[in-house]
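Here is a short briefing for a first look at this structure. Keep the view open while you read.

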Amino acid sequence: MVIDIQTYSLTKKFGDIIAVHDLDIKVKKNTIYGLVGPDGAGKTTTMRMLCSLVIPNSGTAQIGGYDIVKDSDEIKKHIGYMPQEFSLYGDLTVMENLEFYSNIYQIPKKISKEKIKYLLEFSNLAEHSYKLADQLSGGMKQKLALSCNLIHTPKYLFLDEPTIGVDPVARRELWKILFDLRDEGVTIFVSTPYMDEAERCDEIGLMDKGKIILNDKPDNIIKSFNKHILCIYSEDNYITKDIAQNSDYVEDAYLLGEELHIVVEKLDDSIKNLEEEFSYNHININSIKVIEPTLEDVFVNIVKNQQ
């Protein structure tokens, strides 16, 4: 097992605020690692440190054996970094943007021409190469930004919430590209607030308040959850949630879309008691069923238990 990215007690402070605290993670070669958590968890700061754009207060990290502080210039030769707001030039066409970044990375013209042709086909942008970047949809802009980051054939790719504001179809297309890149030998480090995207990663780190609270394969994290999830549809999920939360045997209750999820340890007794309480409070329940936990259920439960 080859480790491409590794952090050692990586810590970053901004004044009295600890944005990233004693971070220890390992990312295997040719895998997709997902850093998962809400806004303010420390994902962007972590990524900027790994890309040698922010100096840690303590600890360090290595990318491909290079130290992020001592070897920052060398690291930048081998990585592609796509921040949340990647700078595309709106008054340039797709082709011109790719040519511009090719010049920045000093790619020889012959190699550049072949690489741009490959990237246009790879990202399904060949038919849009004449369009100005400002004319592209959100998903196309992200694919162009990714292509610009791939122009110099990086070994390590860092993507900070690349699908924010992108429609579901474009999100799937972008993830297909990431899977293809992984199969071609690129190690990918991606941050996301979306739990469904986290489940597509080979391994994830659940992050909250600057700390990794759990690190494993998504399936392993879900399987390790030893509680039961009840999914409830009612005429008023807000009132139903309040009633459930006041019950001693209910560990947690929260809304996910139109569903009310209730976390319990003892299944049969809890269902019986909930039905009695809802009936007593004149709450009409459309359905109540046991469901398999999702990564989001696990994450919400872990975070609440740590508060």
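Helix 3 (residues 94–104) packs with helix 5 (residues 138–150) at an angle of about 25°. Their axes lie 9 Å apart. The model is a predicted one.

**Helix 3 and helix 5**

- Angles under 35 degrees count as roughly parallel. Helix 3 and helix 5 are therefore roughly parallel to each other.
- The crossing of the two helices is right-handed.
- From helix 3, the residues in the contact are Val94, Asn97, Leu98 and Tyr101. They meet Leu144, Ser147 and Cys148 of helix 5.
- By class, this contact between helix 3 and helix 5 has 5 nonpolar residues, 2 polar ones and no charged ones.
- An α-helix has 3.6 residues a turn, so residues three or four places apart point the same way.

- Helix 5 has 13 residues, and 10 of them are buried, so the helix is largely enclosed by the rest of the structure.
- Its buried residues are Gly139, Gln142, Lys143, Leu144, Ala145, Leu146, Ser147, Cys148, Asn149 and Leu150.
- What covers these buried residues? The cover includes strand 7 (79–82) and strand 8 (156–160). It also includes helix 3, helix 4 (109–122) and helix 6 (168–183).
- The length of helix 5 agrees with expectation: at 1.5 Å a residue, its 13 residues should span 18 Å, and its end C-alpha atoms are 19 Å apart.

**Methionine 49**

- Methionine 49 sits in helix 1 (residues 43–50).
- Is methionine 49 buried or exposed? Its relative accessibility is 0%, so methionine 49 counts as buried. The cut-off for buried is under 20%.
- Leaving aside residues up to four places away in sequence, methionine 49 touches Leu10, Thr11, Lys12, Val20, Val54, Pro56 and Ile68.
- One of these partners is threonine 11. In sequence, methionine 49 and threonine 11 are 38 residues apart. In space, they are 9.4 Å apart, C-alpha to C-alpha.

**The whole protein**

- The protein has 11 helices and 15 strands.
- Its C-alpha atoms fill a box of roughly 75 × 45 × 40 Å, taken along the principal axes.
- How many of the 307 residues count as buried? The share is 49%.
- Take the contacts between residues at least 6 apart in sequence. Of these, 70% join residues at least 24 apart.

Note on methods. Residues are numbered from 1 along each chain as its sequence is written. This is a predicted model: local features need pLDDT of at least 70, side-chain atom pairs count only at pLDDT 80 or more; totals for chains, interfaces and linings use all residues. Side-chain values use heavy atoms; hydrogens and water are left out. Axes are lines fitted to C-alpha atoms, for helices over the stretch in contact, and angles run from 0 to 180 degrees between N-to-C directions. Helices (H or I, at least four residues) and strands (E, at least two) are DSSP runs, numbered from the N terminus. Angles under 35 degrees count as roughly parallel, over 145 as roughly antiparallel, 65 to 115 as roughly perpendicular and the rest as oblique. A crossing is left-handed if the near helix is turned anticlockwise from the far one by less than a right angle, and right-handed if clockwise. Contact means heavy atoms within 4.5 Å. Ala, Val, Leu, Ile, Met, Phe, Trp, Tyr, Cys and Pro count as nonpolar, Asp, Glu, Lys and Arg as charged, and the others, Gly among them, as polar. Buried means under 20% relative accessible area, exposed over 50%, partly exposed in between (1.4 Å probe, protein chains only). The expected span of a helix is 1.5 Å times one less than its number of residues.
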